[in-house]
Amino acid sequence: MTRSREIRLLSRPDGRPTAANFELAEVELPEPGPGEAQVRNRWMTVDPYMRGRMNGEEGSYVSPFHLGEPLMGGAVGEVIASNDPSLQAGDLVRSDYGWREAFNAQAGKLRKLDAQGLPPEAFLGVAGMPGLTAYVGLLRVAALKPGDVVLVSAAAGAVGSLVCQIAKLKGHAVIGTAGGAEKVRYLTEELGVDAAVDYRQHAGRLTQALAAAAPEGIDVYFENVGGEHLEAALNIARPFARFALCGMISQYNAGEPYGVRNLMLAVGRQIRLQGFIAGSYTDMTADFLRDLRAWIAEGRIKWRETVVEGIENAPAAFIGLFSGRNLGKALVKLS
């Protein structure tokens, strides 16, 4: 028997999650059954979208988490035993069985990784779902065109930082928003964005700050925050601007959602606002990985990770997302 610890949802959060919403449990795993493999996770991801799954509401694009059961999420692990010919001990696999140290699963639920020189944890960040989200959101949903001025919110995060870099390497002016001086420096000094706005320093007057950074307006807005950010982006958008709505982290814990007061601007300026989920664009995965590997080889893509260690610290890593504690991708390293 293999012992494993896992994080379960103990109660549903009311507003921002707290440690009391989670519990750490220990289980014993039997040998893998027919068609199964046993995997010991090396890395797991915490992502803002997981907050919506904690509400228990059906009808979203992902199923809710159930009370008393381990949470789910992206993970990279090593096969330690296999009862299926497609996998062998030592294989690296990507799965949705995060929030646990080890697990048994059908081999068909696991994707074998060919790292090709990338660290395994990159497949939870720059080479994984966040990276694909940035790629499809900017290039297909927002339909980036020559001469576009691009605004990115949460620009120092896992998704936003890659959006900024792809737009820059394609020759566009880029403005990013982030919280805190460290993140602003990261955007301007390391990622080379044209301007970065610390939204914490401009609460209630974000439109003015963004208008100063983009005096001629914006053509593309990559939305990760919502609330005042969305309102400000509408205020400075040019006619026929395209908004790729990826997420709205400022609203996930809000008791009373922020009412965007200027949505009518989308009519007169003929602005297109489109929400999207990366999983609907898997046809672009091969192109994304091909381009990403080339950009990395050329030294044109950088990424950061904020890492905490130990399954017992996974809830704290997740909760930290909502106070902007992470720079780049938030990950948990598992022993």
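Predicted model: local features only at pLDDT ≥ 70, side-chain atom pairs only at ≥ 80, totals over all residues.
Local features need pLDDT of at least 70 and side-chain atom pairs count only at pLDDT 80 or more, while totals for chains, interfaces and linings use all residues. Residues are numbered from 1 along each chain as its sequence is written, and side-chain values use heavy atoms, with hydrogens and water left out.

Two packed helices are described by the angle between their axes and the distance between the axes. Helices here are DSSP runs (H or I, at least four residues), as are strands (E, at least two), numbered from the N terminus. Axes are lines fitted to C-alpha atoms, for helices over the stretch in contact, with angles from 0 to 180 degrees between N-to-C directions.

Helix α2 (residues 129–141) packs against helix α8 (residues 285–297) at an angle of about 100°, and their axes are 10 Å apart. The two helices are therefore roughly perpendicular (65 to 115 degrees; under 35 is roughly parallel, over 145 roughly antiparallel and the rest oblique). Contact (heavy atoms within 4.5 Å) is made by Gly131, Leu132 and Tyr135 of α2 with Thr285, Asp287, Phe288, Asp291 and Trp295 of α8.

For helix α5 (residues 206–213) and helix α6 (residues 228–236), the axes come within 9 Å and cross at roughly 45°. This pair is therefore oblique. On the side of α5, the contact uses Leu206, Thr207, Leu210 and Ala211, and on the side of α6 it uses Glu228, His229, Ala232, Asn235 and Ile236.

The structure holds 10 aromatic pairs, a pair being rings of Phe, Tyr and Trp (its six-membered ring) with centres within 6.5 Å; planes under 30 degrees apart count as stacked, over 60 as edge-to-face and the rest as tilted. The rings of Phe22 and Phe318 are edge-to-face, because their planes stand at 75°, with centres 6.4 Å apart. Since Phe22 belongs to strand β2 (residues 22–29) and Phe318 to helix α9 (residues 314–320), this pair ties together parts 296 residues apart in sequence. Phe22 is buried at 8% relative accessibility (under 20% relative accessible area; exposed is over 50% and partly exposed in between, with a 1.4 Å probe and protein chains only). Phe318 is also buried, at 0%.

Tyr221 and Phe243 form another edge-to-face pair, with ring centres 5.2 Å apart and planes at 75°. Tyr221 lies in strand β11 (residues 218–223) and Phe243 in strand β12 (residues 237–245), 22 residues apart. Tyr221 is buried at 1% relative accessibility, and Phe243 is buried at 0%. Finally, ring pairs join Phe22, Trp99, Phe318 and Phe322 into a cluster.
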